[in-house]
Amino acid sequence: MTSATDEVRSEKGLARVAQSLAGWTEKWFPDAYVFALVGVFVVSVAALANGSSPQTVVDAFGDGFWDLTAFTLQMAMVVLTGYVVATSPPVARLIDRLAMVPQSGRTAVSFVALLSMSVSFLNWGLSLVFGGLLARAIARRSDLRVDYRALGAAAFMGLGAVWALGMSSSAAQLQATAASLPPALLEITGVLDFGTTIFTWQSLLMCVIIIALTVVIAHFSAPRGAAVTTAEDLEVDLDDRPKEVAPRSRPGEWLEYSRILPALAGLMTLGWLISQLVTKPVLTVVSSLNAYLLVFLMLGLVLHGTPRKFLQAVALAVPATAGILVQFPLYAAMAAILTKAEGRNGLTISEHLADFFTNIGSGGGFTVVIALYTVVLGLFVPSGGGKWLVEAPYVMQSATDVGMNLGWTVQVYNVAEALPNLINPFFMLPLLAVLGLKARDLVGFTFLQFMFHLPVVLLLVWLLGTTFEFVPPVQPSSP
């Protein structure tokens, strides 16, 4: 087994630089929770420097800490539902069939990248697990020699390229759900359904371009010949046989092993969904985060067949939600300090930042600067939804001030938010657990993607941004 240093020396060019960067981040980057804690204190110091009293700052911290309770649970459920669906028997059988499609190593890598991004448009949590299991299934083929590191990096492309442009985008889901928006942000942005964000032709076109670019890079960057490092070379155990459920041991467990209740729950969910689609606009239904999670949760229950198998999958998924549960309250506290802790002249940090971005002016310059700012901040605050709550108050106020379309501003954030995931290994952790690899095994390939993605994304947000007109915020109607 080669050492990490030997692995870095064996690489060349950008891959060698990326491997060195991955080794450095693994050694020196603290846990993402530490970044969130540091962020709270940095924002607090900035508020004090702005003239806020210590009492004002601590009040904003405590009062805002639980502002995102509902959204925190919702984002944890995105991960949980994606994991449960991906590990269900029908999806596992589908993965085994798909694994037989590629006919060469490079085709296998680009195939995994394409499918991981396609699935990510529906659910980024599902994409991580689905992509990882597909990579493992392909690596088990005895008739195909393929680089397991490149397969793993391809499986990550759903989260590293287009996840935030899809239906599980934290920012887009938050903006479409009035009940989940902090009041201060709701006043600035109003409600933005998917028709103004995810499903605009500009966003869909940008998504298609990025997917095509990613697939091409994945294909031509995959090692061939003697350069291939297989799962066997990396001593990875590829045995994915599911853990058998213990047999029923007492009469009271009968319903736990029965398919009756999952089938009934599935029928009720289907009936509810049909009723929603008949009585409400389609965009309103698909933009509802609660509806989205209900469908995926019940789908997981139906696909697993029995309550016992479903709960076993849930138990395996819960650890992956830990980071969201403990970090999002800190992001809520940061957002509260930014927007509520008034300083000199009654101005908050958020209002000062809004003035800064407003002074940049409208048009392409505004979108490019917002995108670059999002990328840099994302290296240190690896959380799409949590970071949006920190950025949104001043970014969206600035967009309003310069007349930039608010829905497109959300999408500028979304497409830029994925870029730091290609460098910072935080969001790789669930996938790495599935693959049995380390971050340094993947970052050489993901960093190469980043080098191509960054200029393309900046060009797209600038050019496509010129096709929008400003629309004032739409406040939700009173019940």
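This briefing describes the overall make-up of one protein chain and the enclosed spaces inside it. The model is predicted, and its chain contains 24 helices and zero strands. Of the 479 residues in the chain, 55% are buried, and two cavities of 30 Å³ or more are counted.

**The chain as a whole**

**The largest cavity**

- The largest cavity holds about 100 Å³ of space, and its lining is made up of D67, P182, P183, A184, L185, A332, A335, A336, T339, K340, L389 and P393.
- At least two lining residues come from each of α12 (183–189), α18 (322–340) and α21 (384–402), and α18 gives the most, with five residues.
- By class, the lining of the largest cavity consists of nine nonpolar residues, one polar residue and two charged residues.

**The second largest cavity**

- The second largest cavity holds about 70 Å³ of space, and the residues that line it are V109, A150, A153, A154, M157, A218, S221, A222, F445, T446 and Q449.
- Two or more residues of this lining are given by each of α9 (148–155), α13 (201–221) and α24 (439–465).
- The lining of the second largest cavity comprises eight nonpolar and three polar residues, with no charged residues.

Methods. Residues numbered from 1 in each chain as written. Predicted model: local features only at pLDDT ≥ 70, side-chain atom pairs only at ≥ 80, totals over all residues. Heavy atoms only, no water. Helix = DSSP H or I, 4+ residues; strand = E, 2+ residues; numbered from the N terminus. Buried < 20%, exposed > 50% of the residue type's maximum accessible area, 1.4 Å probe, protein only. 1 Å grid on protein atoms, 1.4 Å probe; cavity = no way out; pocket = protein on both sides within 12 Å on 5 of 7 lines; lining within 4 Å. Points joined across faces, edges and corners; volume = space filled by probe spheres on them. Nonpolar A, V, L, I, M, F, W, Y, C, P; charged D, E, K, R; others polar.
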